Amino acid sequence: MRMFDIIRKKRDGVELSTEEIKFFVENFVAGEIPDYQVSALLMAIYFKGMNERETADLTFAIRDSGVKIDFSDINGIRVDKHSTGGVGDKTSLVVAPLVATFGVKVAKMSGRGLGHTGGTVDKLESIPGFKVSLSKDEFVRIVNDIGVAIVGQNAELAPADKLLYALRDVTATVDSLPLIVSSIMGKKLAADDDCIVLDVKTGSGAFAKTLDDSLALANAMVNIGKRAGKKMLALITDMDVPLGYAIGNSLEVIEAIETLKGNGPDDLTKVCLELASNMLLLAGKGKRTACRHACEKALQDGSAFETFVKMVKAQGGDTSVILDTDKFAKAKFSREIKAWTSGYISGIDTEGYGRASLLLGAGRNKKEDSIDYTAGIMLKKKTGDFVKEGDVVAIMYTSDEKRFEDAEKVFKISTLMMDTPPEKRPLIFARVE
Ligand code: URA
């Protein structure tokens, strides 16, 4: 088999066989195929696409490229939730302990921030002492004791994805449906969960900007997960506006804590309740409405927050900052962004807000960049709100004052103002089973 022939076939729109897909992934990971040939194939896939069978084969080849995690030592049903990535998306911090409160096991392996989107592992690292790297025995023990632990992805899990993503990132081939599906599901399926609920984001801050693209992404991922024997479900949720008001690592942890105590913003609370109740449904914990009521109660009566505190303690984190969030380290500098005119905020380029937060130091441009955990943006107004000229729209935080200028520029051009209110968008667009 020759890589040249595989590239030519895909370039000409011909379906690749299971053996050809396995050949390219296995030999790329083994260092036998040069980056330029894989880049050419990625571009051919970008233009010609892949059918469901090819996408499933690529997913399974990525899954099989490294170690498979064996969680058979964990007692009980294991449920996971995965978001396709967004701005201000701190749902994992709420949903994982919330679901674990009901005896379902959440052995979560999360990622770091990717471009304008944040990552759960970075957020958790803003808690002093929190360890996102645990031995397998420690991880299993904590999940068995408390019901939940969240760690960074094992470096040996699906290595093909890391290599492919690095090439996609520099060859403008990230936003391809089969490549996104196989990247996300290749990693998810290498972990040993029974049920997976996907949160597929749609809108200006999501990888999939339109509802049609998000539905296609959700359907493809649900079908592949089912082929692999998992119980699957996806929700399509709005990412045309940041979720909640906080963007940036410690700011988001604080907002997640408020949500776990039942005092969170409406949109964030609703999405968390919907995700958590669907996770419990898949885990066989009862009807969806009953699961939802139970989740609402767990946010109100403090039991979900209690699980979160136990998890932070078990993973070495300083629980005093969780119990009193005023103790979180503060950014050295803050700047109020005031409305430059009066009117309604009629739309937000949410990716732009993500980029503004990154410019403040909350994310990474390159993998090696370090993060300012205190940096970010606290929104005071969002899409649909009326503002008068001079009203505070947001407060920016950073440890490096020089960063404000560019971040403010990006923030302002990402905020659209009009005289009339925008049409209301749903928060949850669809549920894909
Ligand atoms: N998240 C991933 O893990 N991979 C993608 O390709 C896109 C989002």
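Reader: What relative accessibility does E296 have?
Author: This is a predicted model: local features need pLDDT of at least 70, side-chain atom pairs count only at pLDDT 80 or more, and totals for chains, interfaces and linings use all residues. Residues are numbered from 1 along each chain as its sequence is written, and side-chain values use heavy atoms, leaving out hydrogens and water. E296 counts as partly exposed (buried is under 20% relative accessible area, exposed over 50%, partly exposed in between; 1.4 Å probe, protein chains only). The value for E296 is 30%.

Reader: Which residue meets E296 in a salt bridge?
Author: The bridge spans 3.3 Å, N to O (a salt bridge is a side-chain nitrogen of Lys or Arg within 4 Å of a carboxyl oxygen of Asp or Glu). Both partners lie in helix α13, residues 288-300, four residues apart (helices are DSSP runs of H or I, at least four residues, numbered from the N terminus). The partner of E296 is R292.

Reader: Which helix gives the most residues to the shell around the ligand?
Author: The ligand is surrounded by Y165, R168, I180, S183, I184, K187 and F207 (each with a heavy atom within 4 Å). Two helices, α8 (159-170) and α9 (177-190), each supply at least two of the shell residues. With four residues, the most comes from α9.

Reader: How much of the ligand's area does the protein bury?
Author: A polar side-chain atom of K187 lies 2.6 Å from an ligand oxygen atom. Taken alone, the ligand exposes 230 Å² (Shrake-Rupley method, 1.4 Å probe). The protein buries 92%.

Conventions: Polar contact = N/O pair within 3.5 Å; in protein donor to acceptor, adjacent residues only side chain to side chain.
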